[in-house]
Amino acid sequence: GILYLHKRPDSHLIRSEKVTEQVLKYLCAAGLLVILTVLLIQVTGIIDMPDTFGHNRGLIWRLSRKVYHELPLYRKLIGVGPDSYGNYTMLDWDFMMQLMEYYPNMRVTTAHSEPFTTLINLGIAGAAAYLAMIFSTVFSVLKGRTEAEKAYRIPVILALVSYHVNMLV
């Protein structure tokens, strides 16, 4: 009986650990879908956000969407350059004039969404590589093989989630 009692918690813990790992994988996959969905909304304007949404983020997204759609195909693929959103958009007269209505004498250096800014700066290839890097890191953390690696997976994932939720909008 002692041998049976000793094995039961171990098998229960192993099963619980596998369930936890599966739940974390599904949550991470859902997180990737949320990021891609919000980016799709920002790029396409499929959901019309008022300009005043999120302290005028709606305006910046609309203007950024216009800038992105006017990019030549090769720029859509490779972007305008690392950290070049601000310099590139300041050359667009329409962008500047509309922005000045809400932010007189101000300069905007991001699209107020990291995935959207990354898409404009680094293009489709760079944004895809960036997201692949983030999510491959998350999934490798989930595979933690040692007890120490397993102990850190939830704090690491929570840190990445909180960072990306903040940077999404």
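**Charged and aromatic side chains**

User: What is the relative accessible area of E70?

Analyst: E70 is partly exposed, a class that lies between buried, under 20% relative accessible area, and exposed, over 50% (1.4 Å probe, protein chains only). This is a predicted model in which local features need pLDDT of at least 70 and side-chain atom pairs count only at pLDDT 80 or more, while totals for chains, interfaces and linings use all residues. Residues are numbered from 1 along each chain as its sequence is written, and side-chain values use heavy atoms, with hydrogens and water left out. For E70, the relative accessible area comes to 48%.

User: With which residue does E70 form a salt bridge?

Analyst: A salt bridge requires a side-chain nitrogen of Lys or Arg within 4 Å of a carboxyl oxygen of Asp or Glu, and here the closest N and O atoms are 3.3 Å apart. The partner of E70 is K66.

User: Which residues do salt bridges that share partners join into one network?

Analyst: The side chains of D94 and K66 also meet in a salt bridge, at 3.6 Å from N to O. This pair links distant parts of the chain, with D94 in helix α5 and K66 in helix α2, 28 residues apart. Through shared partners, the network joins K66, E70 and D94.

User: How many degrees lie between the planes of F53 and W61?

Analyst: The structure holds two aromatic pairs, and F53 and W61 form one that is tilted, 5.6 Å centre to centre. Rings of Phe, Tyr and Trp (its six-membered ring) pair if their centres lie within 6.5 Å, and planes under 30 degrees apart count as stacked, over 60 as edge-to-face and the rest as tilted. F53 is partly exposed at 33% relative accessible area, whereas W61 is buried at 4%. The angle between the planes of F53 and W61 is 45 degrees.

Technical notes. Helix = DSSP H or I, 4+ residues; strand = E, 2+ residues; numbered from the N terminus.
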